[in-house]
Amino acid sequence: MGGSVNGRDGRRRWGGVRRWAVALVSVIALAAVAMAAARLADGGERGGASGPDLHTVSAGSFEIIVSASGELEAAKQTEIRSELESPADIVEIVDEGARVEQGDVLVRLNDESIRTKIEDQLLSVEAARSDLVGAENALAIQMNENDAALRQALLKVELAEIDLEKWVEGEVPKKRLELRTNLEKAERDKERLEEKLERSRDLYAKSFLSKDELQQDEIRYLEAAAALERARKDQEVYETYEHERDRKKKESDVEEARAELERVKRLNESRLASKEADVTNKRRQLAIREDRLAKLQEQLEAATMRAPTAGLVVYGTSIGNSRGFVMINGDGPMQIGRTVRPNELIIVLPDTSRMLASVRVHESVAGRIRPGQRATVRVDAIRDRVFSGQVQSVSVLAESGGWRDPNLREYTVKIALDGGNPGQALKPSMRADAEIVLGEVAGALAAPIQAVFHEGDVAFVYAERGGKFEKRPVRTGRQSATMVEIVKGLDEGAVVLLREPSPGEILNQEISPAAIAAIQPTPEEIKAAEEARRAEQEALAAASEPEIDVEAIRNNPNLPEQVKERLKKMTDDEIRKMAKRFSSGRPGQGGQGGAGRVQRPASDN
């Protein structure tokens with residue numbers, strides 16, 4: 001039953017739709033008939049062309065404007081990146097779009113592994129500190145042992161020197177005195193006994209002395225002579241052998257004691273150096289472990305990220321999506337449980353009090369854009385307002401069109417909006433369309449750009465003549481997105497057609513060579529054009545170059561990782577030189593380096 005009701009309702013709705021469709025087609029047909037009748041009524045006067053299709057060429061002024069599209073961003077913004085050295089999961093994150101104050105918690109990353117490492121490192125630090133204390137005690141003991149060994153060695157040297165001096169000053173003279181005394185005594189004894197023997201012989205010859213007594217005197221004389229000989233030999237042996245032997249021994253004892261002193265000093269230095277090296281090694285190990293502990297504690301603090309300034313919370317992944325980049329790593333948006341890699345952009349806190357329009361322009365016109373040029377910006381979210389501004393900077397590197405159009409090269413232009421951001425109506429990543437005024441053409445004949453057609457290198461218009469239109473070649477000059485300067489080929493007041501004419505409206509299908517030759521520039525015009533072009537190039541060269549923000553280049557999240565690593569090893573001056581080198585190759589400035597590059601713009605900030 002329910003199915004039948006639904007079927008009838010569906011047929012009823014479909015019948016209503018059909019009736020509305022028939023009515024709409026009828027209205028469109030009636031409108032077409034009315035337009036055709038109006039056109040036929042006016043066709044006899046202008047060969048079938050209606051008023052809106054015609055334009056009268058006149059002298060006037062128009063601005064040369066370049067249109068570009070992009071998005072809004074804050075003039076100043078604070079980036080919150082992961083400072084952890086290893087990937088970590090998000091356990092808490094503030095909602096996107098929320099406004100935070102300075103000091104508010106933005107993100108908390110999982111820090112369990114860091115806390116475990118800190119506990120292990122604390123034990124390692126305590127062990128290293130204990131090793132250092134043991135090494136310092138061993139050094140103190142070694143210093144005491146060195147002092148004791150040095151004192152003993154010095155004492156041995158002093159004793160040996162004293163012993164040598166005692167021998168030279170005391171023992172040698174004493175010995176020599178003793179030997180000389182013995183020699184003199186022996187000589188006197190011999191002389192005395194010799195005289196006594198002579199008297200005993202005289203007395204024996206006179207029979208006053210017995211033979212036995214004579215023999216005893218002879219024996220005493222022989223003993224005295226032998227004693228004299230021994231005394232002489234003792235003196236000779238001492239002076240020849242014993243004195244030299246004792247001298248060498250005493251001097252050797254002194255030299256040996258001094259050599260032992262040097263050995264003790266060197267041994268002390270070696271042992272002391274070893275202990276000091278051990279202390280230095282232990283102290284260095286302690287410092288390394290303490291530094292590692294301090295870094296881990298810094299990592300623990302870095303796991304909780306707080307707002308350095310007040311601002312609006314914008315996720316880093318939202319910025320990437322707004323610029324047209326596709327997240328191919330599969331991580332997805334910032335949320336609890338997502339893994340964050342080292343130095344990955346997590347949150348941006350834009351200062352929305354002053355906004356910029358970041359738009360992209362084609363490489364063919366990038367060389368003509370300079371800081372200070374006027375611009376107007378329209379924001380899709382606020383269509384009833386037009387914001388004025390000035391060009392602030394032009395990126396030094398081109399940005400490719402990605403996989404959609406790999407041959408496309410565009411430059412990022414930053415336009416500073418005037419008047420601040422009252423009411424905070426403007427927000428980052430809002431889509432914006434900008435018109436940049438490159439210059440102004442004053443007092444020149446001009447026609448709408450849709451009135452000019454081309455056949456090869458020849459530009460022409462359909463000019464009115466006798467109620468119909470003829471092909472008339474023209475030489476064009478400067479142009480904007482809507483108007484083009486007519487340098488030669490038309491006079492003021494000429495009427496041109498803004499569309500392709502129908503076969504019945506056209507007078508001639510071919511352009512005569514004479515008409516083409518008539519619009520060619522004269523030598524004077526060529527010379528004047530060259531001088532004007534040279535003056536324009538000199539003015540562009542004299543224009544101030546945009547300031548190169550080195551930190552913005554280093555922190556550009558759109559650069560490949562290998563480029564980021566290379567930039568970390570480069571100095572600020574090297575980065576500035578590189579940026580100027582790429583800037584000199586920007587299209588429109590005579591170079592080719594910037595046009596063929598695929599790098600992302602380095603001055604996004």
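Which residue with a positive phi follows α2? S207 does, with phi near 70°. The views below show a predicted model, in which local features need pLDDT of at least 70, side-chain atom pairs count only at pLDDT 80 or more, and totals for chains, interfaces and linings use all residues. Residues are numbered from 1 along each chain as its sequence is written, and side-chain values use heavy atoms, with hydrogens and water left out.

**View 1. Helix α2 and its bend at W167.** Helix α2 spans residues 112-205 and has 94 residues. Helices are DSSP runs of H or I with at least four residues, strands are runs of E with at least two, and both are numbered from the N terminus. From first C-alpha to last, α2 reaches 134 Å, close to the 140 Å expected. The expected span is 1.5 Å times one less than the number of residues. At W167, α2 bends by about 40°. The bend is the angle between axes fitted to the seven residues ending at a residue and the seven starting there.

**View 2. Helix α3 and its kink at Y238.** The 92 residues of α3 reach 130 Å from first C-alpha to last, close to the 136 Å expected. A kink of about 45° is centred on Y238.

**View 3. Packing of α2 with α3.** Helix α3 covers residues 211-302. The two axes lie 7 Å apart, at an angle of about 170°. Axes are lines fitted to C-alpha atoms, for helices over the stretch in contact, and angles run from 0 to 180 degrees between N-to-C directions. α2 and α3 are therefore roughly antiparallel to each other, a label for angles over 145 degrees. Their contact has 44 nonpolar, twelve polar and 42 charged residues. Nonpolar means Ala, Val, Leu, Ile, Met, Phe, Trp, Tyr, Cys and Pro; charged means Asp, Glu, Lys and Arg; the others, Gly among them, are polar.

**View 4. Strand β15 and its partners.** Strands pair if DSSP finds at least two bridges between them. β15 (residues 431-448) pairs with β2 (residues 58-81) in the antiparallel sense over 13 bridges. Here I65 stands opposite V437. Five bridges join β15 to antiparallel β11 (residues 374-379), where R378 has D433 as its bridge partner. Three bridges join β15 to β19 (residues 483-488), again antiparallel. P448 stands opposite M483 in β19.

**View 5. The salt bridge of E73 with K414.** The closest N and O atoms are 2.9 Å apart. E73 lies in β2 and K414 in β14 (residues 405-417), 341 residues apart in the chain. The structure holds 40 salt bridges, each a side-chain nitrogen of Lys or Arg within 4 Å of a carboxyl oxygen of Asp or Glu.

How values were computed: Angles under 35 degrees count as roughly parallel, over 145 as roughly antiparallel, 65 to 115 as roughly perpendicular and the rest as oblique.
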